[in-house]
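These are my notebook entries on a few places I looked up in this structure. I began with strand pairing and then went residue by residue.

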Amino acid sequence: DTVSVDTSPLTGEPIPRKYPGDHGDVILSGTTVVAGECYGRVIRTGEHTEIGNAQKEIMADKTVTVVSVFQKKIMLVVQILVSASFALV
């Protein structure tokens with residue numbers, strides 16, 4: 001028996017894939033069975049899935065921050081204004 005699975009959230013392909021097929025028999029998290037019936041067994045959860053791994057990589061990229069020259073100048077102005085307000089109080 002085969003099932004049709006919409007893998008577009010992961011691959012962007014508009015046409016559902018047939019499982020099992022050339023790409024194996026593992027149906028990934030985030031996909032939807034659009035035709036047929038099957039039983040499944042969860043073998044990975046959380047950051048060990050394809051979507052979880054992508055999320056982990058995105059979060060790792062967000063932790064690296066580059067401060068622009070404009071941001072540095074704004075922070076300098078803010079520090080001067082805060083210092084001046086404390087001096088007046």
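I looked up the pairing of E1 with E3 and found it antiparallel, over 3 bridges. Two strands count as paired if DSSP finds at least two bridges between them. Helices (H or I, at least four residues) and strands (E, at least two) are DSSP runs, numbered from the N terminus. I noted that E1 also pairs in the antiparallel sense with strand E2 (residues 17–19), again over 3 bridges.

This is a predicted model, in which local features need pLDDT of at least 70 and side-chain atom pairs count only at pLDDT 80 or more, while totals for chains, interfaces and linings use all residues. Residues are numbered from 1 along each chain as its sequence is written, and side-chain values use heavy atoms, with hydrogens and water left out.

Entry on Ser 4. I located Ser 4 in strand E1 (residues 3–6). Its bridge partner in E2 is Lys 18, and its bridge partner in E3 is Ala 35. The side chains of Ser 4 and Lys 18 are also joined by a polar contact of 3.0 Å. A polar contact is a pair of N or O atoms within 3.5 Å; within protein, one must be able to donate a hydrogen and the other to accept it, and residues adjacent in sequence count only if both atoms are side-chain atoms. Is Ser 4 buried or exposed? I recorded Ser 4 as buried, because its relative accessible area is 9% (buried means under 20%, exposed over 50%, partly exposed in between, with a 1.4 Å probe and protein chains only). Neighbours within four places in sequence aside, Ser 4 is in contact (heavy atoms within 4.5 Å) with residues including Pro 16, Arg 17 and Thr 32.

Entry on Val 33. I placed Val 33 in strand E3 (residues 32–35). Val 33 counts as partly exposed, because its relative accessibility is 38%. Beyond four places in sequence, Val 33 is in contact with Val 3, Ser 4 and Val 5. I read 8.7 Å between the C-alpha atoms of Val 33 and Pro 16, which are 17 residues apart along the chain.

Entry on Thr 31. I found Thr 31 in the loop between E2 and E3. At 19% relative accessibility, Thr 31 counts as buried. A polar atom of the Thr 31 side chain lies 2.5 Å from the backbone oxygen of Leu 28. Residues up to four places away not counted, Thr 31 touches Val 5, Asp 6, Thr 7 and Leu 10.

Entry on Leu 10. I assigned Leu 10 to helix H1 (residues 8–11), and I noted Leu 10 as partly exposed, with a relative accessible area of 32%.
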